[in-house]
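Please look at the structure before reading the solutions.

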Amino acid sequence: MRTVLVVFAKEIIENLRDRRTLASALIMGPVFAPAVLAFVINLSITHSMEDVEHTLELPVIGGELAPNLLSYLSSQNIDAIAGPEDRTAAINAVKTGEHDIVLVIPGEFGEQLASSVPAKIELVSDQANTDADRDARRVRNALRGYGQELGSVRLLARGINPAVLRPLNIDEVDVSTPSGRSGMLLGMMSYFFVFATLMGGMYLAIDATAGERERGSLEPLLSLPVTRDQLILGKIGATCVFMALSLALSLLSFHVALNFMPLEQLGMTSNFGPGVVLAAFLLFAPFILLGAAVMTLVASFTKSYREAQTWLSVVLFAPTMPIFIVSILTLRPRLEFMFVPSLSQHLLLVDMVKNEPVNNLHVTISVVSTLFFGALLTWICARLYRREGLLG
Amino acid sequence: MIRVEGIHKSFGKVRAVRGVSFNALDGKITGLLGPNGAGKSTTLRVLYTVLKPDAGSAHIDGVDVVSDALSARRRIGALPHGSGLYPHLTARENVAYFAHLCGLDRSEVDDRVDEIIRLLEIEDFAERRTKGFSQGQRTKVSLARALVHDPQNVLLDEPSNGLDVMATRSLRRLILKLKDSGRCVLFSSHVMQEVAALCDNICIIANGQVAIDDSVDGIRSRTGCDDLEDAFVHAINMVDPE
C-alpha cells in the first residue's frame, strides 16, 4: 500500500508542475466548455428574441395598390419599404441576397379583391436560407391573418357568422415546466462534463506507459523491487484525482456561468444550484475510474506519446456517442440505459436539471454498473502492465 | 553474485540470446563485451527481470530471477540502457522516489539520498529539475537512483555511452569503489579498451552466444592476439553465425 501511495504522490507532484497537464485539466474542460455553452445559448436567445421584437422591413412592389394591406402589416410590426422595379428584378434581388424577401402585389390585385376572386399576391423568398425563412414565415402569417380578417368581414356582410369556418377550437395546454424546457439545451452539459473529466486525466494516462517508455524511465522503474500492480494502481489513482479535479471545476464553472445566461428570457429556469452540483459530482464520480482505466489502457497499446495522443482524442469522443444518439432520438430514461456508463449519467443529470424526480433504482444501477466496468478495465490494465511487450 | 546458465531468448523469429552462461563474482568487475545487437542488453534485461528467458536460468545471490523476481530485484541496482529521468522532478526527488520505492524507511531516505548524492558528486545540481540536464548529469543521477538502496549486485548497461572524458573517469572511479566494497559489478560495453581497463573478467558475446569468458590475459593467450582489439575481433569470429 505504501508503494502505491509513493507512486501516487509522485505522479500528483510531477503533473502539478507540468503546464500542459494543468492546462488540459484546469482550463480546457472547466473554462472552455461553459464558454461554448454560454455562446450557444446566447446565440439562440438573441435569435428567438429578434422574431418578435424587431421591426421587419419588407420590400414591396406595387404597394400603392393595397394601402389597407400595408397598414395591416405595419400593425404587425412589418414596415413596407420600396422594393425593386418589377417581379424579375425582385427574383434576382432575392437570388443574389440583396433582399431576403420581396412582396409582389400584381396590378390586378385591387380588381380581384373587389370582385371577391382570390386575389393573387406573391412572396419571393429563398426557402433554403433558414434565416430568411423565419422572416418569410412571419410575413406569411401576417398575410394569412389579413386574409382571415377580410374573409370574416365578407361573411358578416352576407349575414353569416364567421365562426362557421372554424369548426374546431384547438387549445394547447403545455405542461412542461420552465426548467423542463431548458433540459434539452442543458442536456449538452453532460457531454461537456464527460469531456472535461477525460481531458483532465489524459496526460497522466499517457504518461503511465507511453510517456515513461519514451522518456526511458519505464525500464529503471520496472527493475525496482515493486510489483507492476502497485505501479499501475498508483498511476491510475493519480489519473483519477486529476479527472475528479477537472470534473469538479467544470461543474462549478457551469454553476457560475449559468447566472450570466439570460435563460429566463427563453422562459427557462435552470436547476443547477449547489445541491445539484454536488449530486452531479457524486453521479459522475464512478465514471472517473472508468475513464482513467480506459485512457490508460488505450495509451498502453501505443508506441509513442504522439500516437497515444491521437488515439486518446478518439477515446475522448467515444463516451459521448450514446449521449448524442439519445439526444437526437429524444429517448426517455429506461432501465436498460442505466447499464451504459456515460449514458446513464447523462439521463440522470438531465432529470436532475429538469427538476424531475430521480429514480433511485436507476441511480443504483448507474453507479454499480459504471463502477463494475471501471474495476474490470483497471484489472485488464494491470494484467497488460505485466506483459513483457510493455517495454516496446 | 550472479550466475547465468544457458539462457535463451527470442523475439518472434529473432533469436537474440542463444544459450549464454557466465558467472559474475562478488568483489569483481565483470564485463559483458560484444558488438551492437550481440545480445548484451537482452541478457541484462533478463537479469533485472523485465524479460523472462525462454530457457535456461539465472540466479542473483542464489535467488531465481524467474520464480522469485521480486526478491531478485531487491538485490540488484540496474542502470538500463538509455535510462531517463522525470523532467519535472529535481535530481534529488528523482533519487528519493526510487529510495521510497525500494522500501527504505522514511527516516533513512533523506540521509541515504544525501550520501549517494555526495558519492556521485552531484551536489551542484541536486536541487535542479532534471529537464535540460546534460548526458553526463543524467547518467550520474540515474546511477545514484540505481544505487540508492545499496544493492549487492550492480548491473550497468552501456553506462559510458555519451559521456565525456571527465564523466567517464568519475564513472570508472565509482565502479572501482563498488568493487572495493565487495559488490558484484556487471556492465556491458562495446568498447574493448574500456572493458579491459576495468574488468577482472570479460565475457565476450556475439550473435547471442558466449565467445570467450576469461580474464584479459586469458583472452590474449587464447586468441593468440596481443592487441586487444584484434583479440576481440578474433573472438567474435569464433562464434558460428547461426
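**Exercise 1.** Determine how many bridges join strand β3 (residues 29-33) of chain B to β8(B), and in which sense, parallel or antiparallel, the two run.

*Solution.* In this predicted model, five bridges join β3(B) to β8(B), and the two strands run parallel. Turn next to strand β7 (residues 153-157) of chain B, which pairs with β8(B) in the parallel sense over five bridges; here D157(B) stands opposite S188(B). Finally, follow the chain from β7(B) through helix α6 (residues 165-180) of chain B to β8(B), a β-α-β crossover that is right-handed.

**Exercise 2.** Decide whether the residues of strand β8 (residues 184-189) of chain B are buried or exposed.

*Solution.* Because six of the six residues of β8(B) are buried, the strand is largely enclosed by the rest of the structure.

**Exercise 3.** Describe the contact between chain A and chain B, and state which element gives the largest share of the side of chain B that touches chain A.

*Solution.* Count the residues by chain, which gives 26 from chain B and 19 from chain A. On the chain B side, the elements that give two or more residues are α2 (69-74), α3 (91-101) and α5 (135-147) of chain B, and α3(B) provides the largest share, four residues. Sorted by class, this side of chain B has 14 nonpolar, eight polar and four charged residues.

How values were computed:
Residues are numbered from 1 along each chain as its sequence is written. Chains are lettered from A and ligands numbered from 1 in the order in which they are written. This is a predicted model: local features need pLDDT of at least 70, side-chain atom pairs count only at pLDDT 80 or more; totals for chains, interfaces and linings use all residues. Two residues are in contact if their C-beta atoms, placed from the backbone, lie within 7 Å. Ala, Val, Leu, Ile, Met, Phe, Trp, Tyr, Cys and Pro count as nonpolar, Asp, Glu, Lys and Arg as charged, and the others, Gly among them, as polar. A residue is buried if 20 or more other C-beta atoms lie within 10 Å of its own, exposed if 12 or fewer, and partly exposed in between; C-beta atoms are placed from the backbone. Two strands pair if DSSP finds at least two bridges between them. A crossover is right-handed if, with the strands pointing away from the viewer, the path from the first strand over the helix to the second runs clockwise.
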